[in-house]
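Have the viewer open and follow along.

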Amino acid sequence: MKISNAVAVVTGGASGLGEATVRNFVEGGAKVAIFDMNAAKGEQLAAELGRSVVFRKVDVTDEAAVRAGLDAAVGAFGRVDVNVNCAGIGMAMKTMGKEGPHDLGVYRKVLEINLIGTFNVLRLAAERMAANEPNEDGERGVIVNTASVAAFDGQKGQVAYSASKGGIVGMTLPVARDLAFYGIRICTIAPGLFLTPLFEALGEKVVEQLSAQVTFPRRLGRPAEYGALARHIVESPYLNGETIRLDGAIRLP
Ligand SMILES: NC(=O)c1ccc[n+]([C@@H]2O[C@H](COP(=O)([O-])OP(=O)(O)OC[C@H]3O[C@@H](n4cnc5c(N)ncnc54)[C@H](O)[C@@H]3O)[C@@H](O)[C@H]2O)c1
């Protein structure tokens with residue numbers, strides 16, 4: 001599917017990897033609806049990028065809010081062709097630690113936003129995509145989810161995060177199979193360590209130490225590199241049902 005004139009919904013689009021995706025898609029001639037909880041950043045980005053972008057304050061776990069956001073996207077741009085899911089959170093806590101067993105509320109919250117939120121948006125976006133006229137390749141839509149290398153090499157304290165991202169990897173093939181009938185593809189990107197606001201806040205020294213763990217190139221990933229892969233997935237009809245590590249061959253110890 002060509003990116004030019006495509007209509008994309010990008011969750012978590014106000015920051016980091018989502019923001020880089022929004023910028024890449026707009027540069028490629030797409031229209032984008034940003035769904036994010038950070039209204040200040042989302043509105044600022046939409047204002048900067050102009051008429052090709054709308055922002056909606058949408059909690060990805062809230063069914064009614066996602067439906068209303070999709071209505072707004074269709075109202076503004078006529079349809080939904082692409083859905084990139086970047087909204088996510090990370091919280092560090094061990095299965096059992098000095099404070100006792102892992103707080104179940106924290107575990108539920110991480111699963112709720114990262115895993116259920118992702119599925120909530122993609123299933124409702126797929127409903128809109130299914131109404132599209134297929135293109136010459138028979139495509140009606142493309143979904144890109146965001147896992148993490150923590151789905152495969154989760155570290156200490158990442159049990160909730162890794163479980164949520166493992167779920168995203170696990171849903172990729174069955175969603176591809178479920179949606180094939182409608183001409184909708186899905187791929188998942190599993191990023192390594194990317195220089196997003198979270199990592200920038202850790203300071204130069206920590207960034208240097210983390211960079212040393214990357215096989216090659218020996219640096220953190222650039223959000224623009226995530227945006228470029230998301231676009232490549234949209235534009236490559238034969239990519240489907242797969243999780244792609246984007247990580248400079250890092251394997252977390
Ligand atoms: N940065 C990395 O190195 C890295 C590595 C692996 C995976 N990831 C994953 O990539 C995705 C993006 O990460 P990032 O580094 O760009 O993070 P980020 O914090 O910069 O951006 C995430 C965005 O999601 C939004 N968000 C959080 N909860 C939400 C909710 N319930 N509804 C709607 N929006 C919500 C936040 O407001 C924020 O704008 C996440 O899923 C993260 O787990 C990031």
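One cut-off before we start: a residue is buried if 20 or more other C-beta atoms lie within 10 Å of its own, and exposed if 12 or fewer do. Keep in mind, too, that this is a predicted model.

Now find helix α3, residues 63-77. Its 15 residues reach 21 Å from the first C-alpha to the last, close to the 21 Å expected at 1.5 Å a residue. Which residues of α3 are buried? They are Val-66, Gly-69, Leu-70, Ala-73 and Phe-77. Look down the axis of α3 and these buried residues fall within an arc of 100 degrees, so they line one face of the helix.

As for the buried residues, what covers them includes the strands β1 (7-11), β2 and β3 (53-57), along with helix α4. Just after α3 comes Gly-78, with a positive phi of about 95 degrees.

On to the ligand. It is surrounded by 30 residues, and the closest are Gly-12, Ser-15, Gly-16, Gly-88 and Thr-196. Two or more residues of that shell come from each of α1 (16-27), β2 (31-36), α4 (104-129) and α6 (197-200). The largest share, three residues, is α1's.

Next stop is Ser-164, which sits in helix α5, residues 159-179. Why does Ser-164 count as buried? Because Ser-164 has 28 C-beta neighbours inside 10 Å. Setting aside neighbours within four places in sequence, Ser-164 is in contact with Val-110, Leu-111, Asn-114 and Leu-115. Ile-116 is 48 residues away from Ser-164 in sequence, yet their C-alpha atoms are 8.6 Å apart in space.

Finally, zoom out. The protein chain has eight helices and nine strands, and 44% of its 253 residues count as buried. Its C-alpha trace spans about 55 × 35 × 35 Å along the principal axes. A compact globule of 253 residues would have a radius of gyration near 18 Å, and the chain's 18 Å agrees with that. Of the contacts with a separation of 6 or more, 70% are between residues 24 or more positions apart.

Terms used
Residues are numbered from 1 along each chain as its sequence is written. This is a predicted model: local features need pLDDT of at least 70, side-chain atom pairs count only at pLDDT 80 or more; totals for chains, interfaces and linings use all residues. A residue is near a molecule or strand if its C-beta atom, placed from the backbone, lies within 6 Å of it. Helices (H or I, at least four residues) and strands (E, at least two) are DSSP runs, numbered from the N terminus. The expected span of a helix is 1.5 Å times one less than its number of residues. The arc is that of the directions from the helix axis to the C-beta atoms. Two residues are in contact if their C-beta atoms, placed from the backbone, lie within 7 Å. The radius of gyration is taken over C-alpha atoms; the globule rule is 2.2 Å times the number of residues to the power 0.38.
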